[in-house]
Amino acid sequence: MKAIGYKKSLPINEAESLTDIELPQPTASGRDVLVKVNAIAVNPVDFKIRQKAINEDGSYKVIGWDAAGEVVAVGEAVTTFKPGDVVYYAGDLTRQGSNAEYQLVDERIVGSKPKSLSFAEAAALPLTTITAWELLFEHLAVRQQSADSTAQSDEVILVVGAAGGVGSILIQLAKAITGATVIATASRADSQAWVKSLGADHVVDHTKPLLPQIETLGIKQVSHIASLNGAGSYFDDYPAVLATFGKIAMIDDPATPLDVMKLKTKSQSLHIEFMFARSMYQAADMDEQSKLLTRVADLVDQGYVKTTSGKNLGLINANNLKRAHAELESGTAIGKIVLEGF
């Protein structure tokens, strides 16, 4: 089968940073489904892994953690899917990635693809959807309500770094199935327009002090903070912005330690979201990711959530993946970068 891999961690402009290769097609067993990959999306985790991780045995490492495709075979213990089913998933950080024609994935982290989306549009969703869902509803414990409810709650969510992949789906989920007010941070005109189009109630500029801007909106403090990037830069401001017993959930990796004791006097809490935790450690509730992906697929098909696909770079090959990695490394991407077909 065709695949894209690498043997050395190299700058993306190097010829061998990503190369087109041929690998044996894997065989499904146990709880694995074998998926024929139709489309993929590229995430910051891809270039972060490429920059620092190789296979110690000298073999090619295949990365990629967002895909949509068709199940072509199933292991003997699989109960959820059958050949012919169309699915989407983020996969497992410890296994071969989605930059290949065929991929083995545990059925417990696979969801049914939204019927109303193309494969490329669906591939943009899994990793960020799982991250946003777990952050909102498992870590921050934001209250859910039915998608057709118009009730407004007293919860206020500040989404820091809202225009990226996770923020783009988090805003939509919050507006679709919670009654919370959403304040998004964005600094450029295009990113501000993007988060407004996704449903953000208010937009503030994260290059300026946050609290005065929030107070100008008539909001004294927020109840939840989704810290999606720059936690090291903003963390010292969070205690003042956040209400007593408020919650912060973060996904990034600050370069310097955070002084969490700043949260003590207001009994605030800090949570860390890592969507690969369930698959890496074979968590007892691993199938929650399958359930939430299928739930979000229903929200998409009902029109409450739209794809966050931002740019389609064409076929899945080394040259186009290099372009995707380079754009993500530049930090200028809005929405998700997708590729489709081999």
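Student: Is Trp133 buried or exposed?

Tutor: The model is predicted. In it, Trp133 has 9% relative accessibility and counts as buried. Phe137, at 12% relative accessibility, counts as buried too.

Student: How is a pair of aromatic rings described?

Tutor: A pair of aromatic rings is described by how far apart the centres are and by the angle of the planes. For Trp133 and Phe137 the centres are 4.8 Å apart and the planes stand at 65°. Angles over 60 degrees count as edge-to-face, so this pair is edge-to-face.

Student: How many aromatic pairs does a search of the whole structure find?

Tutor: The search finds four aromatic pairs. One of them joins Trp65 and Phe276, edge-to-face, with 6.3 Å centre to centre and 75° between the planes.

Student: Which parts does the pair of Trp65 and Phe276 tie together?

Tutor: Trp65 is in the loop between helix H1 (44-52) and strand E4 (67-74), and Phe276 is in the loop between strand E13 (269-272) and helix H9 (277-280), so the pair ties together parts 211 residues apart in sequence. Trp65 is buried at a relative accessible area of 1%, and Phe276 is buried at 3%. Ring pairs also link Trp65 and Phe276 with Phe274 in a cluster.

Student: Which ring does the charged end of Lys7 sit over?

Tutor: The charged end of Lys7 sits over the ring of Tyr60, 4.7 Å from the ring centre. Lys113 lies over the face of Phe119, 5.1 Å from the centre of that ring.

Terms used: Residues are numbered from 1 along each chain as its sequence is written. This is a predicted model: local features need pLDDT of at least 70, side-chain atom pairs count only at pLDDT 80 or more; totals for chains, interfaces and linings use all residues. Side-chain values use heavy atoms; hydrogens and water are left out. Rings of Phe, Tyr and Trp (its six-membered ring) pair if their centres lie within 6.5 Å; planes under 30 degrees apart count as stacked, over 60 as edge-to-face and the rest as tilted. Helices (H or I, at least four residues) and strands (E, at least two) are DSSP runs, numbered from the N terminus. Buried means under 20% relative accessible area, exposed over 50%, partly exposed in between (1.4 Å probe, protein chains only). A charge sits over a ring if NZ of Lys or CZ of Arg is within 6 Å of the ring centre and within 35 degrees of the ring normal.
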